[in-house]
Amino acid sequence: MMKKILLYGLVMGPGIVFAQKKAGNKNDGADIHAAVGRAGAAPGLAKYVKPIIGTEKMGHTFPGATVPFGAVQLSPDTDTIPYEVGGKYNGDVYKYCAGYKYEDKTIVGFSHTHFSGTGHSDLGDFLVMPTQGKLQLNPGTADNPRSGFRSAFSHANELVEAGYYKVKLDDDNITAELTATDRVGVHRYTFPKSDQSHIILDLMSGIYNYDGKTVWTYVRVVNDTLLTGYRQTNGWARTRTVYFAMSFSKAFKGYGQQNYDGVQPYRGFWRKFDQTKNFPEIAGKKIRMYFDFDTEEQEKIGVKMAISPVSQENALQNLRAETNGWNFDQVKAQAQAKWNGELEKIKIDASEPDKVNFYTAMYHAFINPTVYADRNGEYKGLDQGVHQADGFVNYTTFSLWDTYRALHPFFNIMQPSRNNDIVKSMMAHYDQSALKMLPIWSHYANDNWCMSGYHSVSVLADAIIKGVYTGDANKALDACIATANHRDYEGIGDYIDKGFIPAEKSGTSVSNTLEYAYDDWCIAQLARKLGRQDVYDTFIKRSGNWVNNFDASIGFMRPKLADGSFKKDFDALSTHGQGFIEGNTWNYSFFVPQDPNALIAKMGGAKRVSQRLDSLFNMHLPDEFFAETEDITREGIIGGYVHGNEPAHHVAYLYNWVGEPWKTQSRVRMILKMQYKPAPDGLGGNDDCGQMSAWYMFSSLGFYPVAPGSDVYSLGSPAVKSAVLTLENGKTFTIETVNQGDRNVYVAKVLLNGKPLEGQEIRHADIMNGGKLTFYMSAKPKK
């Protein structure tokens with residue numbers, strides 16, 4: 001293998017001229033408030049994408065360069081906050097789930113892997129930082145950036161576009177530019193004149209870092225422009241290995257490393273060598289490398305970093321196949337063309353701020369899941385073995401507790417082939433699982449088991465029922481059944497035996513029961529479609545288990561003890577210690593999306609439920625009830641309705657079931673205005689791998705999947721003037737509004753293909769068959 005690596009290195013060799021950037025629009029990427037009203041530098045619909053949205057406060061998005069569903073997310077990291085301090089969790093680390101925080105004033109470097117909008121984190125691999133002057137291998141501090149290799153920066157000198165990021169590093173007078181392909185991060189650094197220019201490769205850095213997270217690192221310097229290696233980490237993903245190949249456009253004059261491992265009991269005989277300078281094979285846990293250059297004024301040096309889940313050789317193949325040469329502007333143009341190709345699938349007519357919100361939401365929705373396979377189709381499986389994807393593209397980054405609700409249903413309309421591959425990836429995960437379970441929250445050949453429910457069954461059922469999945473549907477159903485019957489996973493055994501999870505055994509007993517009941521309904525729908533009546537009978541019964549946590553005496557879901565009595569100490573406003581996760585009972589008591597009519601009957605009828613919904617949106621939730629919740633601030637809450645977390649994302653649509661659709665229409669338009677803004681702090685909560693964004697797109701278009709696993713969408717109030725959806729089957733579905741306006745939030749009537757639409761729903765086939773949905777808008781509700 002090393003012969004092949006050497007051959008690749010010689011082919012890439014030094015001396016290739018790095019393409020100059022053409023003069024372009026010097027749009028200030030930081031001034032998003034001004035930028036929303038004018039065209040940006042990016043071409044096509046990408047000009048409306050502002051990746052800076054959600055980078056401030058709780059959005060947890062990143063501003064750097066990526067392509068749709070790409071394996072590389074090349075983005076700046078703005079601090080080195082550790083996961084623990086003094087042996088305890090450091091709450092400040094939560095602000096850095098995406099590596100970048102808009103409020104910060106310094107940049108530590110540019111790493112190649114990031115999550116978008118999550119509420120927990122990992123990744124941040126292979127941080128690269130250009131510097132000049134005296135070599136410093138410590139990152140320094142935010143208060144004194146000159147004490148290390150980090151640099152101060154200003155948003156005034158930051159340009160953020162789809163597929164492109166640019167910033168001036170003030171302390172070193174270096175301009176950094178980033179773009180990407182599917183598997184390669186491409187950098188261009190413009191240096192001042194210096195005989196002390198450096199590019200640092202920090203192999204210790206990561207997101208949610210702690211001592212011992214990096215298990216092992218290996219680097220092989222192949223020649224004076226090429227190195228390969230890998231890094232293994234033990235974090236949210238327990239056994240994660242990422243391989244890389246890194247190439248420079250100019251030969252470095254020297255290089256070296258600093259190993260921070262400390263004294264080890266056994267050190268072998270590598271001490272015979274001086275490994276700190278110009279030594280070609282490096283290994284350890286805590287390593288930072290540097291590469292020295294002489295630079296002329298405004299000289300540009302390029303860096304390409306390809307990653308692979310399988311091997312150094314595959315990383316090199318990815319590098320050669322996706323970035324053959326050093327034309328940065330060409331790679332940038334290709335990245336932005338990819339984004340335009342995706343964005344053009346939906347063309348909307350709306351106000352300029354709404355276009356920014358919509359296309360940025362579409363951008364965020366199309367970041368994850370991410371490709372997890374090399375150009376040759378090889379990937380690492382859950383069994384840690386190398387597999388070949390046969391007939392599908394393998395994906396990872398499955399934040400299923402979030403994304404089953406709207407993101408995957410959105411894919412079933414706008415990305416059906418891709419979602420087919422995603423479901424096939426989930427089935428491969430199941431086949432490789434030692435536990436024989438579908439993914440819960442998985443990334444990089446690991447399941448991190450985060451959050452509750454087994455919502456992959458919702459994704460599978462929705463894809464099969466809507467005709468998207470081309471694999472063996474009965475095998476998929478068997479995988480759903482096996483996952484739902486895994487008795488030793490998070491209370492499933494008690495749930496099966498008792499119909500609820502005892503509060504003594506789980507701090508999230510109620511939310512788990514409610515989510516399992518919904519997932520069981522999905523299994524029942526799939527079984528019915530496949531004619532498996534025995535499975536249907538079992539799981540449709542289980543889908544009614546939500547009633548076991550409903551306390552009719554107070555009208556709320558409530559924890560139940562093993563003896564069948566309800567827990568006495570109970571606070572309906574609190575999230576903590578009440579049996580729920582990321583929501584209180586005011587939000588979770590409406591979580592019966594599979595059977596709203598039964599819930600309404602239990603709650604006392606339509607009038608009673610309407611009043612309860614009104615109270616949810618109009619009440620005041622005191623700060624004390626979310627002060628300890630990391631991912632929610634006042635901005636993410638409307639009354640007591642927590643939009644910044646997902647459990648109640650369907651709740652505004654429940655007015656349709658109580659005979660008051662005008663309230664759904666009003667609430668939806670209110671949420672769109674209050675929770676999504678074209679500003680760095682424009683998201684009311686974590687985007688959660690695109691779920692918040694998918695909610696925005698569905699609701700802006702006028703309908704929403706209240707219960708994925710069915711073919712029905714509930715109608716709301718579209719915010720766009722019109723939209724044309726170009727479907728993968730070659731047909732188009734048009735949404736148009738008559739009398740649209742900020743005050744005209746109510747729907748007077750709806751026509752489907754020119755005929756009045758009865759009720760408050762449309763079906764999946766209505767969309768996929770093509771046609772036109774026309775909303776007649778009014779300033780007065782139709783009661």
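This dialogue goes through several features of a predicted model and how to read them.

User: Where should I start with strand S34, and how do its side chains point?

Analyst: In a regular strand the side chains alternate between the two faces of the sheet. Strand S34 covers residues 722–726.

User: Which strands pair with S34?

Analyst: Strand S20 (residues 346–349) pairs with S34 in the antiparallel sense over four bridges. There, Ile348 has Ala723 as its bridge partner. S34 is also joined to strand S35 (residues 732–738) by five bridges, again antiparallel. In that pairing, Glu736 of S35 stands opposite Ser722.

User: What is found in the hairpin of S34 and S35?

Analyst: Five residues lie between the two strands, and Gly730 takes a positive phi near 95°.

User: How is the sheet with S25, S26 and S27 arranged?

Analyst: The sheet is open, with its three strands in the order S25-S26-S27 and antiparallel pairing. Strands S25 (398–399) and S27 (446–447) stand at the edges with a single partner each, so one side of each has no neighbour in the sheet. S26 (residues 441–443) is joined to S27 by two bridges. Within that pairing, Asn446 in S27 is the bridge partner of His443.

User: Is H12 largely enclosed or left open by the rest of the structure?

Analyst: H12 is largely enclosed by the rest of the structure, because 19 of its 21 residues are buried. One of its residues, Tyr518, is buried with a relative accessible area of 0%.

User: How do I read the aromatic pairs, and how many does the structure hold?

Analyst: A pair of aromatic rings is described by the distance of the centres and the angle of the planes. The structure holds 49 aromatic pairs. In one of them, the rings of Tyr518 and Phe591 have their centres 6.2 Å apart and their planes at 75°, so the pair is edge-to-face. Tyr518 lies in H12 and Phe591 in the loop between helix H14 (585–588) and helix H15 (596–603), so the pair ties together parts 73 residues apart in sequence. Phe591 is buried as well, with a relative accessible area of 3%. The rings of Tyr588 and Phe591 have their centres 6.3 Å apart and their planes at 65°, so this pair is also edge-to-face. Tyr588 is buried, as is Phe591.

User: Which residues form an aromatic cluster?

Analyst: One cluster includes Phe69, Phe366, Phe410, Phe411, Trp695 and Tyr713. Among its other members are Tyr653, Tyr676 and Phe698.

User: What does Glu342 contact?

Analyst: Glu342 is found in helix H4 (residues 328–343). With 10% relative accessibility, Glu342 counts as buried. Its side chain makes a polar contact of 3.3 Å with the side chain of Arg418. Leaving aside neighbours within four places in sequence, Glu342 is in contact with Pro68, Met362, Phe366, Gln415 and Arg418.

User: Where is Ser308, and what does its side chain reach?

Analyst: Ser308 is in strand S19 (residues 299–308). Its relative accessibility is 2%, so Ser308 counts as buried. The side chain of Ser308 reaches the backbone nitrogen of Val310 at 2.9 Å. Not counting residues up to four places away in sequence, Ser308 touches Thr241, Val242, Tyr243, Asn314, Ala315, Asn318 and Asp374.

User: How many disulfides does a search of the whole structure find?

Analyst: The search finds zero. The sulfur of Cys97 is 10 Å from the closest cysteine sulfur, in Cys450, which is too far for a bond. Cys522 is in no disulfide either, and the nearest cysteine sulfur, that of Cys480, is 8.7 Å away.

User: Are these two cysteines, Cys97 and Cys522, buried or exposed?

Analyst: Cys97 counts as buried, at 0% relative accessibility. Cys522 likewise counts as buried, at 0%.

Methods:
Residues numbered from 1 in each chain as written. Predicted model: local features only at pLDDT ≥ 70, side-chain atom pairs only at ≥ 80, totals over all residues. Heavy atoms only, no water. Pairing = 2+ DSSP bridges. Buried < 20%, exposed > 50% of the residue type's maximum accessible area, 1.4 Å probe, protein only. Polar contact = N/O pair within 3.5 Å; in protein donor to acceptor, adjacent residues only side chain to side chain. Contact = heavy atoms within 4.5 Å. Disulfide = S-S within 2.5 Å. Phe/Tyr/Trp six-rings, centres within 6.5 Å; stacked < 30°, edge-to-face > 60°.
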